[in-house]
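Here's a quick briefing to read alongside the model. Have the sequence and the 3D view open, and we'll go from the overall picture down to single residues.

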Amino acid sequence: MIQEARDHGGGVDAAAARYGGTRADWLDLSTGINPVPYPVGTFDMDAWTALPDKGAQQALIAAARDFWQVPEGAAVLAAPGASALIARIPALAAKDRVDIPRPTYNEHAAAFEAAGWQLSGAQAQARVIVHPNNPTGQFYDEEPIGPALHIIDESFCDIAPDRSLIEHATQPGTVILKSFGKFWGLAGVRLGFAIGDPALIARLEQMLGPWPVAGPALRIGRQALTDQKWAEETRTRLTADSTRLDQLMTGAGAKLHGGTPLFRLYEVKDAAQWQTRFAEARIWTRIFPYSRHFIRLGLPAPDQWHRLETLL
(Lines give C-alpha, C1' and ligand atoms only; values in the text may rest on other atoms or scores of the structure.)
Protein backbone atom coordinates (compact mmCIF):
# COMPACT_ATOMS: atom_id res chain seq x y z
CA MET A 1 0.00 0.00 0.00
CA ILE A 2 1.33 3.43 -0.93
CA GLN A 3 1.14 5.80 2.02
CA GLU A 4 -0.23 9.24 1.24
CA ALA A 5 2.25 12.03 1.87
CA ARG A 6 1.45 14.01 5.00
CA ASP A 7 1.09 17.75 5.11
CA HIS A 8 4.29 19.56 6.13
CA GLY A 9 6.18 22.75 5.56
CA GLY A 10 8.95 22.83 2.98
CA GLY A 11 8.39 21.52 -0.53
CA VAL A 12 10.11 24.45 -2.23
CA ASP A 13 11.04 22.31 -5.25
CA ALA A 14 7.37 21.59 -5.89
CA ALA A 15 6.50 25.25 -5.41
CA ALA A 16 9.15 26.27 -7.94
CA ALA A 17 7.86 23.71 -10.42
CA ARG A 18 4.37 25.18 -10.10
CA TYR A 19 5.08 28.91 -9.88
CA GLY A 20 8.45 29.19 -11.62
CA GLY A 21 12.01 30.04 -10.77
CA THR A 22 14.76 27.88 -9.32
CA ARG A 23 15.11 26.83 -5.70
CA ALA A 24 17.70 29.56 -5.18
CA ASP A 25 15.10 32.18 -6.15
CA TRP A 26 12.74 31.22 -3.33
CA LEU A 27 12.41 32.45 0.23
CA ASP A 28 11.07 29.55 2.31
CA LEU A 29 8.89 30.78 5.18
CA SER A 30 6.86 27.56 5.36
CA THR A 31 8.82 26.11 8.30
CA GLY A 32 9.50 27.27 11.86
CA ILE A 33 13.27 26.94 11.62
CA ASN A 34 15.49 29.73 12.91
CA PRO A 35 16.81 31.52 9.78
CA VAL A 36 20.02 32.53 11.57
CA PRO A 37 21.57 29.15 12.44
CA TYR A 38 24.10 28.43 15.10
CA PRO A 39 27.62 28.81 13.64
CA VAL A 40 28.89 25.28 13.18
CA GLY A 41 32.58 26.06 12.84
CA THR A 42 35.08 23.31 12.05
CA PHE A 43 36.07 20.11 13.81
CA ASP A 44 38.43 17.20 13.34
CA MET A 45 37.91 14.81 10.43
CA ASP A 46 37.53 11.89 12.80
CA ALA A 47 34.00 13.14 13.46
CA TRP A 48 33.27 12.05 9.88
CA THR A 49 35.52 9.03 9.56
CA ALA A 50 35.24 7.23 12.91
CA LEU A 51 32.31 5.57 14.62
CA PRO A 52 30.90 7.92 17.27
CA ASP A 53 32.60 7.20 20.58
CA LYS A 54 31.10 6.98 24.05
CA GLY A 55 32.94 10.07 25.21
CA ALA A 56 31.31 12.28 22.57
CA GLN A 57 27.89 10.82 23.35
CA GLN A 58 28.31 11.36 27.08
CA ALA A 59 29.51 14.94 26.52
CA LEU A 60 26.40 15.69 24.47
CA ILE A 61 24.09 14.17 27.09
CA ALA A 62 25.82 16.17 29.84
CA ALA A 63 25.35 19.38 27.84
CA ALA A 64 21.69 18.56 27.29
CA ARG A 65 21.13 17.90 30.99
CA ASP A 66 22.65 21.24 31.89
CA PHE A 67 20.95 23.30 29.18
CA TRP A 68 17.45 21.97 29.87
CA GLN A 69 17.99 21.64 33.63
CA VAL A 70 16.93 18.01 33.54
CA PRO A 71 15.95 16.86 37.03
CA GLU A 72 17.89 14.11 38.71
CA GLY A 73 16.17 10.78 38.14
CA ALA A 74 15.16 11.50 34.54
CA ALA A 75 17.06 9.82 31.70
CA VAL A 76 18.24 11.56 28.51
CA LEU A 77 18.59 9.99 25.06
CA ALA A 78 20.01 11.64 21.93
CA ALA A 79 18.48 10.52 18.64
CA PRO A 80 18.74 11.28 14.91
CA GLY A 81 15.97 13.88 15.07
CA ALA A 82 12.76 14.14 17.08
CA SER A 83 10.91 12.49 14.19
CA ALA A 84 12.84 9.27 14.73
CA LEU A 85 11.58 9.23 18.30
CA ILE A 86 7.99 10.12 17.38
CA ALA A 87 7.85 7.15 15.01
CA ARG A 88 8.92 4.73 17.77
CA ILE A 89 7.00 6.07 20.76
CA PRO A 90 3.74 4.16 20.07
CA ALA A 91 5.63 0.90 20.63
CA LEU A 92 6.25 1.88 24.25
CA ALA A 93 2.78 0.69 25.28
CA ALA A 94 0.17 -1.82 24.15
CA LYS A 95 -1.99 -0.26 21.45
CA ASP A 96 -5.19 1.24 22.76
CA ARG A 97 -6.62 4.78 22.63
CA VAL A 98 -4.50 7.92 22.42
CA ASP A 99 -5.60 11.48 23.09
CA ILE A 100 -3.92 14.07 20.83
CA PRO A 101 -5.55 17.53 21.08
CA ARG A 102 -5.77 18.98 17.58
CA PRO A 103 -4.95 20.82 15.43
CA THR A 104 -1.32 20.03 16.07
CA TYR A 105 1.79 18.55 14.49
CA ASN A 106 0.42 15.66 12.43
CA GLU A 107 3.26 13.15 12.79
CA HIS A 108 2.13 12.15 16.27
CA ALA A 109 -1.30 10.99 15.12
CA ALA A 110 0.22 9.34 12.05
CA ALA A 111 2.70 7.37 14.15
CA PHE A 112 0.06 6.11 16.60
CA GLU A 113 -2.39 5.23 13.82
CA ALA A 114 0.30 3.34 11.92
CA ALA A 115 0.95 1.32 15.10
CA GLY A 116 -2.73 0.39 15.39
CA TRP A 117 -3.83 2.88 18.04
CA GLN A 118 -7.23 4.56 18.00
CA LEU A 119 -7.39 8.35 18.16
CA SER A 120 -9.82 9.11 20.95
CA GLY A 121 -9.87 11.36 23.98
CA ALA A 122 -12.21 9.03 25.88
CA GLN A 123 -10.49 6.68 28.36
CA ALA A 124 -7.20 7.10 26.52
CA GLN A 125 -4.17 5.14 27.69
CA ALA A 126 -1.78 7.63 26.11
CA ARG A 127 -1.76 11.39 25.60
CA VAL A 128 0.36 13.68 23.43
CA ILE A 129 0.60 17.43 23.89
CA VAL A 130 2.74 19.72 21.74
CA HIS A 131 4.00 22.48 24.05
CA PRO A 132 3.93 25.11 22.65
CA ASN A 133 1.54 23.81 20.06
CA ASN A 134 2.29 23.88 16.36
CA PRO A 135 0.70 25.85 14.69
CA THR A 136 -1.31 27.73 17.35
CA GLY A 137 1.50 28.43 19.83
CA GLN A 138 -0.69 27.36 22.76
CA PHE A 139 1.06 26.41 25.99
CA TYR A 140 -0.40 23.79 28.31
CA ASP A 141 -0.41 24.98 31.89
CA GLU A 142 -2.22 22.10 33.52
CA GLU A 143 -0.42 19.28 35.28
CA PRO A 144 0.42 16.72 32.55
CA ILE A 145 -0.75 13.75 34.59
CA GLY A 146 -3.26 11.11 33.60
CA PRO A 147 -2.75 8.37 31.01
CA ALA A 148 -0.14 5.68 31.51
CA LEU A 149 1.95 7.07 28.62
CA HIS A 150 2.32 10.83 28.47
CA ILE A 151 4.27 12.53 25.66
CA ILE A 152 5.17 16.22 25.87
CA ASP A 153 6.61 17.53 22.60
CA GLU A 154 8.69 20.61 23.39
CA SER A 155 10.26 20.97 19.94
CA PHE A 156 9.59 24.73 19.96
CA CYS A 157 9.91 25.39 23.71
CA ASP A 158 13.49 26.68 23.62
CA ILE A 159 12.11 30.13 22.77
CA ALA A 160 10.55 30.17 26.26
CA PRO A 161 12.55 27.93 28.61
CA ASP A 162 10.63 29.27 31.60
CA ARG A 163 7.49 27.61 30.21
CA SER A 164 9.05 24.16 29.90
CA LEU A 165 7.43 21.22 31.71
CA ILE A 166 10.82 19.59 32.22
CA GLU A 167 10.16 19.25 35.97
CA HIS A 168 7.64 16.51 35.12
CA ALA A 169 10.30 14.38 33.39
CA THR A 170 10.67 12.19 36.48
CA GLN A 171 7.02 11.11 36.47
CA PRO A 172 6.46 7.46 35.45
CA GLY A 173 5.24 7.09 31.88
CA THR A 174 6.41 10.57 30.82
CA VAL A 175 8.62 11.34 27.81
CA ILE A 176 9.54 14.92 26.87
CA LEU A 177 10.80 15.52 23.34
CA LYS A 178 13.29 18.20 22.34
CA SER A 179 14.23 19.19 18.80
CA PHE A 180 17.63 20.65 17.98
CA GLY A 181 16.87 21.74 14.43
CA LYS A 182 14.24 24.41 15.18
CA PHE A 183 15.78 26.85 17.68
CA TRP A 184 19.38 26.35 16.54
CA GLY A 185 18.38 26.47 12.86
CA LEU A 186 20.21 23.26 11.98
CA ALA A 187 17.46 20.89 10.86
CA GLY A 188 19.90 19.08 8.57
CA VAL A 189 21.99 17.93 11.54
CA ARG A 190 19.08 15.59 12.48
CA LEU A 191 19.34 15.71 16.23
CA GLY A 192 16.62 15.32 18.85
CA PHE A 193 16.26 14.21 22.46
CA ALA A 194 13.93 12.14 24.60
CA ILE A 195 13.93 12.98 28.32
CA GLY A 196 11.93 11.19 30.96
CA ASP A 197 11.04 7.88 32.59
CA PRO A 198 14.29 5.84 32.59
CA ALA A 199 12.46 2.60 31.73
CA LEU A 200 10.88 4.16 28.64
CA ILE A 201 14.07 5.93 27.60
CA ALA A 202 15.95 2.62 27.84
CA ARG A 203 13.44 0.99 25.52
CA LEU A 204 13.75 3.81 23.01
CA GLU A 205 17.51 3.44 23.15
CA GLN A 206 17.20 -0.25 22.30
CA MET A 207 14.93 0.56 19.35
CA LEU A 208 17.43 3.05 17.92
CA GLY A 209 20.37 0.66 18.10
CA PRO A 210 24.07 1.56 18.38
CA TRP A 211 25.50 4.87 17.15
CA PRO A 212 22.13 6.59 16.54
CA VAL A 213 23.67 10.08 16.32
CA ALA A 214 26.34 10.92 13.74
CA GLY A 215 29.75 12.10 14.91
CA PRO A 216 29.40 15.65 13.53
CA ALA A 217 25.97 15.99 15.17
CA LEU A 218 27.41 14.94 18.53
CA ARG A 219 30.03 17.67 18.39
CA ILE A 220 27.78 20.40 16.98
CA GLY A 221 25.07 19.62 19.51
CA ARG A 222 27.43 19.70 22.49
CA GLN A 223 28.97 22.99 21.38
CA ALA A 224 25.59 24.65 20.79
CA LEU A 225 24.02 23.44 24.02
CA THR A 226 26.86 24.90 26.07
CA ASP A 227 26.61 28.33 24.39
CA GLN A 228 24.11 30.07 26.66
CA LYS A 229 25.08 33.53 25.41
CA TRP A 230 24.08 32.64 21.84
CA ALA A 231 20.77 31.20 23.07
CA GLU A 232 19.90 34.32 25.06
CA GLU A 233 20.78 36.67 22.18
CA THR A 234 18.80 34.50 19.78
CA ARG A 235 15.65 34.65 21.92
CA THR A 236 15.87 38.44 21.95
CA ARG A 237 16.29 38.62 18.19
CA LEU A 238 13.49 36.14 17.46
CA THR A 239 11.07 38.08 19.66
CA ALA A 240 11.90 41.34 17.88
CA ASP A 241 11.66 39.75 14.43
CA SER A 242 8.31 38.07 15.14
CA THR A 243 6.92 41.45 16.25
CA ARG A 244 8.19 42.98 13.02
CA LEU A 245 6.48 40.24 11.01
CA ASP A 246 3.22 40.80 12.90
CA GLN A 247 3.30 44.47 12.04
CA LEU A 248 3.79 43.73 8.34
CA MET A 249 1.06 41.09 8.17
CA THR A 250 -1.57 42.90 10.23
CA GLY A 251 -0.85 46.06 8.28
CA ALA A 252 -1.70 44.07 5.14
CA GLY A 253 -5.02 42.90 6.57
CA ALA A 254 -4.18 39.63 8.34
CA LYS A 255 -5.23 38.96 11.93
CA LEU A 256 -2.75 37.41 14.34
CA HIS A 257 -4.15 34.11 15.61
CA GLY A 258 -1.17 32.67 17.47
CA GLY A 259 2.28 31.21 17.05
CA THR A 260 5.69 31.42 18.68
CA PRO A 261 8.73 33.66 18.02
CA LEU A 262 9.81 31.05 15.44
CA PHE A 263 6.56 31.07 13.45
CA ARG A 264 3.37 33.12 13.34
CA LEU A 265 -0.16 31.95 12.58
CA TYR A 266 -2.51 34.42 10.90
CA GLU A 267 -6.18 34.36 10.07
CA VAL A 268 -7.17 35.67 6.65
CA LYS A 269 -10.25 35.54 4.46
CA ASP A 270 -8.78 33.11 1.93
CA ALA A 271 -5.49 31.45 2.90
CA ALA A 272 -5.02 29.85 -0.53
CA GLN A 273 -5.19 33.26 -2.20
CA TRP A 274 -2.65 34.65 0.22
CA GLN A 275 -0.32 31.73 -0.40
CA THR A 276 -0.62 32.22 -4.15
CA ARG A 277 0.14 35.92 -3.79
CA PHE A 278 3.31 35.12 -1.84
CA ALA A 279 4.26 32.32 -4.23
CA GLU A 280 4.08 34.62 -7.24
CA ALA A 281 6.76 36.66 -5.49
CA ARG A 282 8.80 33.46 -4.89
CA ILE A 283 7.98 33.33 -1.18
CA TRP A 284 6.67 30.01 0.15
CA THR A 285 4.27 29.90 3.09
CA ARG A 286 2.24 27.25 4.91
CA ILE A 287 -1.50 26.68 4.75
CA PHE A 288 -3.47 23.81 6.25
CA PRO A 289 -5.94 21.29 4.80
CA TYR A 290 -8.26 21.67 7.80
CA SER A 291 -8.67 25.46 7.56
CA ARG A 292 -9.44 27.89 4.73
CA HIS A 293 -8.33 30.82 6.89
CA PHE A 294 -5.01 29.91 8.53
CA ILE A 295 -1.67 30.83 7.00
CA ARG A 296 1.61 30.33 8.85
CA LEU A 297 4.86 32.16 8.22
CA GLY A 298 8.30 31.59 9.60
CA LEU A 299 10.85 34.38 9.89
CA PRO A 300 13.03 35.59 7.01
CA ALA A 301 16.80 35.88 7.30
CA PRO A 302 18.04 39.41 8.06
CA ASP A 303 18.91 40.11 4.42
CA GLN A 304 15.50 38.96 3.13
CA TRP A 305 13.10 41.27 4.97
CA HIS A 306 12.95 43.63 1.98
CA ARG A 307 11.15 40.96 -0.06
CA LEU A 308 8.30 40.80 2.45
CA GLU A 309 8.17 44.56 2.83
CA THR A 310 8.00 45.05 -0.94
CA LEU A 311 5.19 42.52 -1.30
CA LEU A 312 3.10 43.68 1.65
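This is a predicted model: local features need pLDDT of at least 70, side-chain atom pairs count only at pLDDT 80 or more; totals for chains, interfaces and linings use all residues.

- Helix α5 runs over residues 107–114 and is mostly covered, with six of its eight residues buried.
- Which residues of α5 are buried? They are Glu107, His108, Ala109, Ala110, Ala111 and Phe112.
- Alanine 109, which lies in helix α5, has a relative accessible area of 8%. That puts alanine 109 under the 20% cut-off, so it counts as buried.
- Setting aside neighbours within four places in sequence, alanine 109 is in contact with Ile100, Arg102 and Leu119.
- After α5 comes glycine 116, and its phi is positive, near 95 degrees.

**The chain as a whole**

- The protein chain has ten helices and 13 strands.
- Its radius of gyration is 20 Å, close to the 20 Å from the globule rule for 312 residues, so the chain is as compact as a globular protein of that length.
- Along the principal axes, the C-alpha trace spans about 50 × 50 × 40 Å.
- Of the 312 residues in the chain, 51% are buried.
- The accessible surface comes to about 14,500 Å², and carbon and sulfur atoms account for 51% of that surface.
- If you take contacts between residues at least 6 apart in sequence, 67% of them join residues at least 24 apart.
- On the charge side, there are 30 positive and 34 negative charges, and their mean positions are 5 Å apart.

**Two domains**

- The chain is divided into domain 1, made of 12–37 + 229–311, and domain 2, which covers 50–226.
- How many residues does each domain bring to the contact? Domain 1 supplies 19 residues and domain 2 supplies 19 residues.
- The centres of domain 1 and domain 2, taken over C-alpha atoms, are separated by 26 Å.

**Cis peptide bonds**

- Arginine 102 and proline 103 are joined by a cis peptide bond, with omega at about 10 degrees. Proline 103 has its place in the loop between β3 and α5.
- Asparagine 134 and proline 135 are also joined by a cis peptide bond, here with omega at about 25 degrees. Look for proline 135 in the loop between β5 and β6.

**Positive phi without a glycine**

- Glutamine 123 isn't a glycine, yet its phi is positive at about 50 degrees. You'll find glutamine 123 in the loop between β4 and β5.
- Is glutamine 123 buried or exposed? With a relative accessible area of 66%, glutamine 123 is over the 50% cut-off, so it counts as exposed.
- Tryptophan 211 isn't a glycine either, and its phi is positive at about 50 degrees. Tryptophan 211 sits in the loop between α6 (198–208) and α7 (215–225).
- At 46% relative accessibility, tryptophan 211 counts as partly exposed.

- Alanine 74 is in the loop between α3 (54–67) and β2 (75–79). Its relative accessibility is 2%, so alanine 74 counts as buried.
- What does alanine 74 touch, not counting residues up to four places away in sequence? Its contacts are Arg65, Ala169, Thr170, Ile195 and Gly196.
- Alanine 74 and glutamine 58 are 16 residues apart in sequence and 15 Å apart in space, C-alpha to C-alpha.
- Alanine 272 belongs to helix α9, residues 271–280. Its relative accessible area is 40%, so alanine 272 is partly exposed.
- Alanine 272 and glutamate 205 are 67 residues apart in sequence, with 42 Å between their C-alpha atoms.

Terms used:
Residues are numbered from 1 along each chain as its sequence is written. Side-chain values use heavy atoms; hydrogens and water are left out. Helices (H or I, at least four residues) and strands (E, at least two) are DSSP runs, numbered from the N terminus. The radius of gyration is taken over C-alpha atoms; the globule rule is 2.2 Å times the number of residues to the power 0.38. Buried means under 20% relative accessible area, exposed over 50%, partly exposed in between (1.4 Å probe, protein chains only). Contact means heavy atoms within 4.5 Å. Accessible areas come from the Shrake-Rupley method with a 1.4 Å probe; for residues, only the protein chains shown count as cover. Lys and Arg count as positive and Asp and Glu as negative; His and the chain ends are not counted. The place of a charge is taken as NZ of Lys, CZ of Arg, CG of Asp or CD of Glu. Domain bounds come from an automatic or database domain assignment.
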